[in-house]
Amino acid sequence: MLKAGGKWRTDFFDAQGPVKHPGPEFRQEGRCVSATLGSMAQSDSRVLALSVLAGAAGVTLAVVWYRSRRNGMCSAPPMLHLSSNAQRLGVDLCDAGAGLVLEGQQGEVLKRLDALIQCVSELKDEVQALKRALPQLQDLVKSELEGRHPGSVPRTSRRRRAIGGERDERQSSEEGESEGGYVTAHTDSEEEGDEEEDEAGDIRKKRESLAALLKKADGLHKGTNSEKTEGFAMLEQRKEEFGQSSEFLWRLARACGDCHDMALTIEEKKSCVEAGKSVANEAIGVNPMCAQSHQWYAIMCGLLSEYETVQNKIKNGYLFKDHLDKAIDLNPQDPLSYYLLGRWCYAVAQLSWIERKVAATLFGEPPSATVQDALKNFLKVEDIHPKYSKFNYVFLAKCYKDLGQRGLASKMCDAASAMQTVSKEDEEAQKELESLIPSLTF
């Protein structure tokens with residue numbers, strides 16, 4: 001198909017040469033269609049031209065279909081020829097029925113072509129509308145992103161100018177309503193904060209009260225027997241309040257030891273020691289990393305061994321050693337732990353052959369320690385805390401005597417004699433010192 005002279009020229013060929021044109025009706029309608037398409041092609045875009053070409057291709061397919069049917073109906077195929085110079089259409093048909101069929105097919109093709117033209121026209125209108133909307137698309141997008149529509153700002157400004165001072169009042173009311181939930185939540189959080197502050201204040205007061213109580217208990221422990229009794233009663237009354245503090249519990253165990261020293265009968269002494277051992281065990285359960293808890297548990301085991309059978313005595317001796325080692329690991333600068341360990345080593349070194357056999361029979365292996373081990377621990381006490389106690393000097397003198405160093409033993413006796421006798425323990429140390437001194441003169 002070629003476009004010549006502003007009109008569309010269509011030549012169809014087959015194997016027998018050019019085909020003649022149809023009748024004048026088809027020519028008249030073809031001219032109208034060509035005129036319409038030419039007018040639209042001049043004003044439309046390339047899209048419209050391609051659509052018309054597609055329609056023309058449809059017409060061509062319809063004519064080809066008609067030729068194939070005509071070949072089946074007639075012995076001689078029709079001769080169709082379109083000429084732009086002659087401007088005529090000729091049809092040589094086999095009969096009148098074939099002409100009627102051709103006219104009906106042409107009408108159907110024209111209807112479909114009109115529908116196609118209408119769709120293209122609607123598409124053209126939509127394209128034009130889109131072109132007009134493109135310049136405003138950027139403003140629309142910006143307005144949507146800002147959360148408002150174009151033109152709202154001027155209207156808001158006019159409204160603000162109209163209402164004047166009423167704006168502030170209305171805005172305050174709206175802000176109060178919109179922030180009502182936040183105010184409620186803020187109030188709740190303030191209440192929770194107040195509760196947390198109250199709890200923190202209570203905890204702080206409780207800690208201060210415990211610190212004051214422990215300080216007073218330490219002072220009473222160093223006092224007279226009546227003051228020690230007062231300290232025990234004070235701690236016993238506050239056990240329910242501070243029973244979850246290891247610092248409180250091991251001091252209560254220590255107070256039980258003071259009561260043991262002041263008790264007059266064996267039953268009272270044993271009862272005090274058993275109570276102290278139980279409290280010290282509670283302290284270890286609360287805080288296994290507290291050195292004093294292990295230390296006083298060991299002391300209670302040592303005291304209790306004085307009132308037990310040989311089997312329980314050896315058992316408590318093992319417990320004594322284990323907890324003292326733990327206390328020294330946790331606090332290697334406490335002189336009391338080394339003093340107690342020195343006493344244990346010296347006692348084990350003095351065990352008789354029968355006692356060792358009993359220990360081996362009951363526990364598989366008897367405790368092992370020498371006088372040299374005891375001396376080492378007593379010297380450690382003097383190194384950490386010089387003049388720690390009268391009893392430490394007495395045991396240093398005993399160790400040196402057993403090792404054959406009488407000169408050093410006498411020196412330790414002199415140091416012990418120079419110290420004042422204050423506590424009941426000092427009185428016992430003084431008695432042993434008086435019996436030791438005569439043995440060093442020979």
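Contact here means heavy atoms within 4.5 Å. This is a predicted model, in which local features need pLDDT of at least 70 and side-chain atom pairs count only at pLDDT 80 or more, while totals for chains, interfaces and linings use all residues. Residues are numbered from 1 along each chain as its sequence is written, and side-chain values use heavy atoms, with hydrogens and water left out. The protein chain has 18 helices and four strands; these are DSSP runs numbered from the N terminus, with helices being H or I of at least four residues and strands E of at least two.

**Chain totals**

- Of the 442 residues in the protein chain, 30% are buried (buried is under 20% relative accessible area, exposed over 50%, partly exposed in between, with a 1.4 Å probe and protein chains only).
- Taking contacts between residues at least 6 apart in sequence, 63% join residues at least 24 apart.

**Nonpolar core**

- The largest nonpolar core holds 62 residues, of which L235, F248 and Y339 touch the most other members.
- Helix α13 (residues 335–349) supplies the largest share of this core, nine residues.
- A nonpolar core is a set of buried Ala, Val, Leu, Ile, Met, Phe, Trp, Tyr and Cys residues joined through side-chain atoms within 4.5 Å.
- F248 is in contact with L210, L213, L214, L235, R238, K239 and F242, leaving aside neighbours within four places in sequence.

**Helix pair α16 and α17**

- Helix α16 (residues 390–402) packs against helix α17 (residues 406–418) at an angle of about 165°, and their axes are 8 Å apart.
- That angle makes α16 roughly antiparallel to α17 (under 35 degrees is roughly parallel, over 145 roughly antiparallel, 65 to 115 roughly perpendicular and the rest oblique).
- Axes are lines fitted to C-alpha atoms, for helices over the stretch in contact, and angles run from 0 to 180 degrees between N-to-C directions.
- On the α16 side the contact is made by K390, Y393, V394, L396, A397, Y400 and K401, and on the α17 side by R406, L408, A409, M412, C413, A415, A416 and S417.
- The residues of this contact divide into eleven nonpolar, one polar and three charged (Ala, Val, Leu, Ile, Met, Phe, Trp, Tyr, Cys and Pro count as nonpolar, Asp, Glu, Lys and Arg as charged, and the others, Gly among them, as polar).

**Single residues**

- K387 lies in the loop between α15 (371–384) and α16, and has a positive phi of about 55° although it is not a glycine.
- K387 counts as exposed because its relative accessibility is 59%.
- Q295, in helix α11 (residues 291–304), counts as buried because its relative accessibility is 3%.
- Not counting residues up to four places away in sequence, Q295 touches A327, D334, L336, S337 and L340.
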